Amino acid sequence: MNDSTSLYLSALRKINWQEPDKFSFLSEYAKGWLLEQGSLSRLLSANCQKLTVDLLHNRTVKAERLNKAEIALLSEESCLLRKVVLKGDDTPWVLGRTLIPKSSLSGQSFDLTQQGNIPLGLTVFSTENVERDALQVGVVETPDGYLLARRSRLWMNNKPMLVAELFLPLRRFIRRSAVRCLWQK
């Protein structure tokens, strides 16, 4: 894991999550990305030639490592913690952090512990019984500027997981001093 990834993971933990109706969106375009109800992976893949995943972490964490908000949205049990960077055309676009309670791993048609470099959204949204709720949004200041994020609980076959996504700055074709994001058009 490189320094910028560690910085972004730290930033993700510092976000003051807000309900969408209380959040000031930068634009309608940004609002569309943050409030997407379907698969963010599918939306990202529609905006690039090739979507790939860098798997950073895929291990079980004990319940004591969860914060109060995570326990309130899931349960107080050990979880699979999955951290990834989603890349569009080899450029990092989104940092994802997912908590899947152990009880949510059983009885699924997919072995989510073996997801590897496959975007989780593609797997989750390929099942018939999937819902999203508890959607929250936020913004965090980093050395690269203000970054947008969202967090929501996904239900796959009536079993929850908590997904947090930090939208990373895109620096293609721009000067070093400027940061532009696809989702801030």
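Which element gives the largest share of the lining of the largest pocket? In this predicted model, that turns out to be E6, with three residues. The pocket itself has a volume of about 320 Å³. Its lining counts 18 residues, and those nearest the centre are Leu12, Arg13, Asn67, Glu70 and Arg97. Besides strand E6 (159-167), the elements that put two or more residues into the lining are helix H1 (3-13), helix H4 (68-73), strand E2 (79-88) and strand E3 (91-101). Sorted by class, the lining comes out as eleven nonpolar residues, six charged ones and one polar one.

Now for some single residues. Serine 41 sits in helix H3, which spans residues 40-45. Serine 41 counts as buried because its relative accessible area, 5%, falls under the 20% cut-off. Setting aside neighbours within four places in sequence, the contacts of serine 41 are Leu51, Leu86, Pro119, Gly121 and Leu122.

Tyrosine 29 belongs to helix H2, residues 28-34. With a relative accessible area of 29%, tyrosine 29 is partly exposed, since that value lies between the 20% and 50% limits. Between the C-alpha atoms of tyrosine 29 and leucine 95 there are 19 Å, and along the chain the two are 66 residues apart.

As for the cysteines, no disulfides turn up in the structure. Cysteine 48 is buried at 13% relative accessibility, and cysteine 79 is buried too, with a relative accessible area of 0%.

Technical notes:
Residues numbered from 1 in each chain as written. Predicted model: local features only at pLDDT ≥ 70, side-chain atom pairs only at ≥ 80, totals over all residues. Heavy atoms only, no water. Helix = DSSP H or I, 4+ residues; strand = E, 2+ residues; numbered from the N terminus. Buried < 20%, exposed > 50% of the residue type's maximum accessible area, 1.4 Å probe, protein only. Contact = heavy atoms within 4.5 Å. Disulfide = S-S within 2.5 Å. 1 Å grid on protein atoms, 1.4 Å probe; cavity = no way out; pocket = protein on both sides within 12 Å on 5 of 7 lines; lining within 4 Å. Points joined across faces, edges and corners; volume = space filled by probe spheres on them. Nonpolar A, V, L, I, M, F, W, Y, C, P; charged D, E, K, R; others polar.
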